[in-house]
Amino acid sequence: MLIQEKGEMMDFKNVILVMDLDGTLLSGVGDTSYLRKENEALIKAFIKAGGTFSIATGRSTKNGYKDVKHLPLNFPLHLINGALTLDHNDFKTTIEAHYLDQGFYQDAVSYFNEDKAISVVVINEEGVYDLSHDGVIKSDHGFSYDPVKQEDIPKNDIYKVAFIADKAHCDYLETKLANFSNASDVDFVRSLPRYLETLNQKANKGYAIRASMKRLNLSYKTLVCVGDQMNDETMLKTADLALVPSNADERLKTAYQTLSKSHNDIILEEILDVIKAL
């Protein structure tokens, strides 16, 4: 098979592999997600063979890297869809951060008070805070959120405000929010049909990964990115090789090379075979 070829370990020293977590690297259904032991072993073998590996996820520091923290990652972690870049050596040191416009945040909270059809998730330096009109928030990402009082949410250094609503309402919100007076420096990302994220315009996975490559003098390497949802598109666009699993959003499957395996398979096996063929 893959890494072993003619009895010797393949050389991946000129390859950077960056993967999304949920729906891509992590297997699972509903509230449960996990890293398959087979994929874990292949990541370790890839790194041992000289490869550079890390993740780019929409998750925050609260739960963003717990599934991969035990791996010998050798490239910065890109969390909150590129809003936060952390050092892979200690999982603590901030390398780069891009915060949401404060005025837009205030507008978003005011809008939440008017629109009973939405719930809101706010992520900042201190944690994840959740606003709901009717109790516990259920996300299609498999997370459950317990609502807090608005006055308990810190007002500074906010990375992201995400709106959770049905798909049709999120479609409406993308247009509505873009017309807010403080929306000029804000980008809108649909990580899932029911999950509309608002971030600083510089906060995207593609920018964050390329910035890390430049900072570490690794721009000469071949960048391979793998993701399954529209919040992964910026990194897929900037990749030298963009791959999407078979469970990916149909728009991505139309635009990028689609793997036969899904996130519930030993997906690294096929990814490394494709890289070998470069």
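Predicted model: local features only at pLDDT ≥ 70, side-chain atom pairs only at ≥ 80, totals over all residues.
The secondary structure of the protein amounts to seven helices and 17 strands. Its radius of gyration is 19 Å, close to the 19 Å that the globule rule gives for 278 residues, so the protein is as compact as a globular protein of that length. The C-alpha trace spans about 65 × 35 × 30 Å along the principal axes. Of the 278 residues, 56% count as buried. The protein exposes about 12,100 Å², and 47% of this area is supplied by carbon and sulfur atoms. When contacts between residues at least 6 apart in sequence are considered, 58% of them join residues at least 24 apart.

An open sheet is formed by three strands in the order β5-β6-β7, with antiparallel pairing. From one strand to the next, the twist averages 20 degrees. The pairing of β5 with β6 (residues 84-86) is antiparallel and extends over three bridges. Within this pairing, Leu-79 has Leu-84 of β6 as its bridge partner. Helix α4 (residues 205-215) packs on the sheet and touches β5, β6 and β7. The direction of α4 makes about 135 degrees with that of β7.

The loop between β6 and β7 contains Phe-91. This residue is not a glycine, yet it has a positive phi of about 60 degrees. Most residues other than glycine have a negative phi. Phe-91 has a relative accessibility of 9% and therefore counts as buried, the cut-off being under 20%. A positive phi, here of about 50 degrees, is also found at Asp-157, again not a glycine. Asp-157 lies in the loop between β11 (144-145) and β12 (158-164). With a relative accessible area of 38%, Asp-157 is partly exposed, because this value falls between the limits of 20% for buried and 50% for exposed residues.

A further antiparallel pairing involves β13 (residues 186-192) and β14 (residues 195-200), which are joined by six bridges. Leu-192 has Tyr-195 of β14 as its bridge partner. Strand β13 is mostly covered, with five of its seven residues buried.

A search of the whole structure finds zero disulfides. Cys-170 has a relative accessible area of 0% and is therefore buried. Cys-225 is likewise buried, with a relative accessible area of 0%.

Methods. Residues numbered from 1 in each chain as written. Heavy atoms only, no water. Disulfide = S-S within 2.5 Å. Buried < 20%, exposed > 50% of the residue type's maximum accessible area, 1.4 Å probe, protein only. Pairing = 2+ DSSP bridges. Helix = DSSP H or I, 4+ residues; strand = E, 2+ residues; numbered from the N terminus. Axes fitted to C-alpha atoms, helices over the stretch in contact; angles between N-to-C directions. Contact = heavy atoms within 4.5 Å. Rg over C-alpha atoms; globule rule 2.2 N^0.38 Å. Areas by Shrake-Rupley, 256 points an atom, 1.4 Å probe, with all protein chains shown as cover.
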